[in-house]
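Grab a pencil and work through these exercises one at a time. Try each task yourself before you read its solution.

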Amino acid sequence: MSNITRKSFLSLSALSAVGLATCGSDQGGAQGGTSGDTDTLTCGMTQDIDSMDPIKAESAATRELLFNVYDGLVKPDVEGNLNPAVASDVSVSSDGTTYSFTLREGVKFHNGEVVTPEDVKYSIERYRDSTTGGSLVSAFAAVDHVDVVDESHVDVVLKEPDTDFLAYFAIGITPASVADLEADPVGCGPYKFSSRSPLEKVVLEKFDDYWDAEGTAYIRTVIFKVTTNTDSIGMELAGGSLDLFYRLPEAQLSQLSEDAFTIYEGGMNLVQALYLNNAEKPFDDVRVRQALAYAIDPQQIMDYVSGGKGAEVGSSMYPAFAKYFMPELNDVYNQDVERARKLLDEAGLKDGFSFTIQVSNAHPQHIETAEVLKEQLAAIDVTVDIQQIEWSSWLSDVYTGRKFEGTVVGVDASALNAPSMLSRFASDADNNFVNFSSAAYDKAYAKARAAIDDDEKTELYKECERILAEECASVYIQDLPSFVALAKRFTGYEFYPLYAQNLATIQPSE
Amino acid sequence: MATTRTRSLLARIPNPRLFCAGALIMLAVITLIVIGMVWMPYEPTAMSPDRLQGVSAAHLLGTDKMGRDILSRVMYGSRITFLVALGTMAIGAGFGILVGAVTGYYGGIVDEVVMRVTDGLFAFPTVLLALVIVSLFGSSTLNVMWALGIAFVPSFIRVARSEVIRCKHLDYVKNARLMGVRDARVIFVHILPNVSGVIMSNVMIGFNNAVLSEAGLSYLGIGSQPPYASLGQMISEAQEIFFTVPSAVLGPGMVIVLMVLGFSLMGEGLRAAEGRMA
């Protein structure tokens, strides 16, 4: 359980990592740097990819790159919807155990073969095969078997009902005829694999026979260049050896000229909060948690930590998840010190109290947030001790061991479905590290999980978010800002609500 | 040497000019710290909307990313850094001199064992030792003092031991022993005061190393917890605003330089003494 979160956090901490020396190849750079050339886009990434095989994709960088090479039965869009892709239609049986896919006609793999139901069966069985040691085995273990119904229909039968499983079918479909995807990466995405030099670059070429005319790529060649030295990214962009970089450190923005680059501002797709241990006194009292929520001002935190950038959140859902995000929850607690004092008074803590915030020493944004929190909470006589701990101690003591009072951290989603943000707050969830326990929440969440109709389900998940906000499971703060720089001769970058970079939307600006 | 006793304390220091220069610098730093204990321009943790301001009359060293007055933070940070250096020396020198003097005086098996353990400790990197202590007992100023103190023990054991061995066969020690003076008295009343010059100069250099090590450890995020920052932590935090508010790095950096310079000069002043005697 902690595994999934660990992965995402590691990718977050990679932002601040200072890497080894940059690889000295300028071949890609020279091509990408010619200012008028719109056939080639050079995109930087801070670490080399794990593998070209989606089954071995662990890091964010790998998942982001492979998003362009492999298409799944469904494909996420920028709003967090799952649209039909290799499958033209999907239906879920009323008991929630059988997913029936109708395959789209004439979808081709990069090697020219047409996608068949056997390929789908092969791919899914491969993902759940525990002997491959793949990272997705735990999710796909829920699959009981795959039935090929006829030449255009496939049924996937789950061991237990789960109507949120659809998000996992975004994983790439690969041909049954290719055994070694590492050596011969074949998918059916908008870009096909061209070449790879480990620790240097991966080159992708536009796939002309892509199934989706609207989703076909514009740029002929995309080079993913490994630039491990984060300090020099600004210089590489300014010098023209990179055209695109996502998750640029805020401090390097000032080095880029506005004439040469468009800066896109989005979110890191996580929920940063002052997570409170609901089982510890005095946080077992909802009034105390609410008092803290009334005492803090997220905007001020954003001002101090990232120069006013970032997006306020009011519950355990970040804005890029447009389908589920509820902006109105940001106003459940607006800063009101008087009210906070009154709530503390009612809870019998008229003179305030003190508690410890444990925070990972690898995440400066979280440490700085804790510092601002300390200052804001002092206004209601709540004294905060900040304790920095190692990331591994954080995982074992705070996250797994649940031995903490408060912690500041960002929690993100492992798959594009609401449960990846909400399941942890069910009182019996084994990753419920805040020990939140609410009968109302458990009921609403169970109902949402069981619902078949998507609109009804969405409403129920929103109800869950509302309960989290009203019962103040934790003090929700913000989705941290993320910056993307794209050379001015290109346009069309879009933010996705999870680790995905869709290069097919990028096009020449004229 | 008979006249030594009659000379003034200062005159016993062979290079009083170096020593005085160092002492003056230290006096300035200590004045800054003492003033900071009774008065600071602003509360060192108070945030304000005046973020990233340069040097001005209201903020003599400007403000940091969260609008906190850098001068006030330097005053507070100097106090933490100085106290850590003091504590480190109390633990390192106190324990090291005691053990070194006793084992050097008696020699034998115990001496051998202690020296080999000391070699082992010497081979162990300070930062690693500090990391182990901090991850076992938590990150706090006190634990950093212990970590650095323990790391500094071996060097004092060696110095004290070698000095005591050098002196224990000298006539005045033999005399004292013949007259039936107890061993403890011989070590602490007869020998140690006579080698104090060497040991004090080592303590001064030790102070130096403690200031620098603390800054280094703080730079790694070990030590006092935010929002309070020692000088090293302030420099570490100020990296990303170096070009916007240079005083955020230069302010605490200057104080570290002054502390190190002050201790160095004092140590040099004392050490020249031994150089001439030998």
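**Exercise 1: Getting to know chain B**

Of the 278 residues of chain B, 44% count as buried. Keep in mind that you're looking at a predicted model.

Task: Describe the secondary structure and overall dimensions of chain B.

Solution: Start by counting elements: chain B has ten helices and zero strands. Reading from the N terminus, you get α-α-α-α-α-α-α-α-α-α. Next, look at the dimensions: the C-alpha trace of chain B spans about 75 × 45 × 30 Å along its principal axes. Take the contacts in chain B with a separation of 6 or more: 72% of them are between residues 24 or more positions apart.

**Exercise 2: Two helices side by side**

Task: Describe how α2 (residues 70-106) of chain B packs against α5(B).

Solution: First the geometry: the two helices, α2(B) and α5(B), pack at an angle of about 35°, and their axes are 5 Å apart. Then the handedness: this crossing of α2(B) and α5(B) is right-handed. Last, the residues in the contact of α2(B) with α5(B): 21 are nonpolar, eleven polar and three charged.

**Exercise 3: Zooming in on one lysine**

Task: Is K168(B) buried, exposed or partly exposed?

Solution: Locate the residue first: K168(B) sits in helix α5 of chain B. Now count its C-beta neighbours inside 10 Å: there are 18. Being buried takes 20 or more, and being exposed takes 12 or fewer. So K168(B) counts as partly exposed. Leaving aside neighbours within four places in sequence, K168(B) is in contact with Y105(B), V173(B) and I191(B).

**Exercise 4: Where the chains meet**

Task: How many residues does each chain bring to the contact between chains A and B?

Solution: Chain A brings 14 residues and chain B brings twelve. On chain A's side, the elements giving two or more residues are α10 (364-377) and β16 (382-389). Of the elements there, α10(A) gives the most, with six residues. Sort chain A's side by type and you get six nonpolar, four polar and four charged residues.

Key. Residues numbered from 1 in each chain as written. Chains lettered and ligands numbered in written order. Predicted model: local features only at pLDDT ≥ 70, side-chain atom pairs only at ≥ 80, totals over all residues. Contact = placed C-beta atoms within 7 Å. Helix = DSSP H or I, 4+ residues; strand = E, 2+ residues; numbered from the N terminus. Nonpolar A, V, L, I, M, F, W, Y, C, P; charged D, E, K, R; others polar. Axes fitted to C-alpha atoms, helices over the stretch in contact; angles between N-to-C directions. Left-handed = near helix turned anticlockwise from the far one by under 90°.
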